[in-house]
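Reader: I would like to learn how to read the secondary structure and helix packing of a model, with the criteria stated as we go. Could you take me through it feature by feature?

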Amino acid sequence: MILPIGQERITDFFKALVQSGRLGHAYLLFGDRGCGKKTVCNYVTHMIMCSSKSACMRCNGCLTVSSGANPDVIRISNEDKASIGVDKIREMIRDVYVRPIISDKKVIIIENAHLLTKGAQNALLKVIEEPPEYAVFFLLCDSKSGILPTVISRVNTVNIPPLGTAQLKQIVPGASDFLYHYCQGNPGRLMELRDDEELQNQRSNACRAVAGLAGDDGFDMYTYIPLFEAGRPQANTMMDLMLMFVRDVMLHKSNLDGIIINKDKINDIKAFSASVNSEKCFKVAECIQTAQRQLGKSGSLTIAAQTMFIKCREVIHD
Ligand SMILES: [Zn+2]
């Protein structure tokens, strides 16, 4: 089992409840996909099932949770389906009323709870309103918006917060400064992005595009425009990456090279910084942000990118 590194505040909170016997009947753990909800929930489940209530990882309770063989832990997920229907919840409810076999608690984990249908949530509501005294429900969801207000009012909600760089480095050592920043504190996203060559290509192109804007001539925006035409998410990513480069330039101007994200592009950053003053840097960032807002509307991606490049050139060479 992986320890939920960096989520000590949450695991300590549950530890105090488990050890004092004050654990509630239903918790909704929420946070972006990849933030570590499952890891936290797994750890807390070990704690609940542990004979010393400490997630010792040695006792029968802990070992059976780790191996997936603990009969008192029920796990429900969508299993590649688009939703979790009422049948699954009804089946779980029948199981819940059977007393625990090896522990004094029964833990029910519902992954991707935001995919529960309305009918499934209403069925669930009945059992979390009047649960058997030994039952503890964990609902894991990316966002609370898919959960009925009636369900939310019956559960304790726990937000799984983003992690800092130091904690991310413990979980995924050896990634680039860029990735530690770009994953926004989400360890799952970091693991995915680590092998994402497409993103690395986009980053190189975005940095090259901004660096090229400052050149005297020879900048051909049509080299880059197809990268924006690939789709709205791709265009949005390109603009995010361009903004990060401009941010790095501003940091360099403030003698803050230590927190630059694109450290491997430092020569381009220095060159851009030498030819574009701070005021113009801010304006370039504004031009990119304006274009990014345009992406939210239904207009042409080509025109949004063209306008952005033309405005940026105007600002820089004004
Ligand atoms: Zn144990």
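**Strands and helices**

Author: In β4, the residue bridged to Leu29 is Leu140, where strands (E, at least two residues) and helices (H or I, at least four) are DSSP runs numbered from the N terminus. This is a predicted model, in which local features need pLDDT of at least 70 and side-chain atom pairs count only at pLDDT 80 or more, while totals for chains, interfaces and linings use all residues. Residues are numbered from 1 along each chain as its sequence is written.

Reader: In which sense do β1 and β4 pair, and over how many bridges?

Author: Strands of a sheet pair through backbone hydrogen bonds, either parallel or antiparallel. Here two strands pair if DSSP finds at least two bridges between them; strand β1 (residues 26-30) and strand β4 (residues 135-141) are joined by five bridges in the parallel sense.

Reader: What is the order of the strands in the open sheet, and which strands stand at its edges?

Author: The open sheet has five strands in the order β2-β3-β4-β1-β5, with parallel pairing. Its edges are β2 (73-76) and β5 (156-159), each of which has a single partner strand, so one side of each lacks a neighbour in the sheet. From one strand to the next, the twist averages 15 degrees.

Reader: How should I read the angle between the axes of α1 and α2?

Author: Axes are lines fitted to C-alpha atoms, for helices over the stretch in contact, and angles run from 0 to 180 degrees between N-to-C directions. Angles under 35 degrees count as roughly parallel, over 145 as roughly antiparallel, 65 to 115 as roughly perpendicular and the rest as oblique. The axes of helix α1 (residues 8-20) and helix α2 (residues 37-49) come within 10 Å and cross at roughly 20 degrees, which means that α1 is roughly parallel to α2.

Reader: Which residues of α1 and α2 meet?

Author: Taking residues as in contact if their C-beta atoms, placed from the backbone, lie within 7 Å, Ile10, Thr11, Phe14, Lys15 and Val18 in α1 meet Val40, Tyr43, Val44, Met47 and Ile48 in α2.

Reader: At what angle do α10 and α12 pack?

Author: Helix α10 (residues 197-213) packs against helix α12 (residues 232-253) at about 55 degrees, with their axes 8 Å apart. That angle makes α10 oblique to α12. Residues making the contact include Ala206 and Val210 of α10 and Leu241 and Phe245 of α12.

Reader: How do α12 and α14 cross, and is the crossing left-handed or right-handed?

Author: The axes of α12 and helix α14 (residues 278-296) come within 10 Å and cross at roughly 165 degrees, and the two helices are therefore roughly antiparallel to each other. A crossing is left-handed if the near helix is turned anticlockwise from the far one by less than a right angle, and right-handed if clockwise; that of α12 and α14 is left-handed. Among the residues in this contact are Met242 and Val246 of α12 and Val284 and Ile288 of α14.

Reader: How many helices and strands does the protein have, and what is its radius of gyration?

Author: The secondary structure comes to 15 helices and five strands. The radius of gyration, taken over C-alpha atoms, is compared with a globule rule of 2.2 Å times the number of residues to the power 0.38. For this protein the radius is 25 Å, well over the 20 Å that the rule gives for 318 residues, so the protein is more spread out than a compact globule.

Note on methods:
Contact = placed C-beta atoms within 7 Å.
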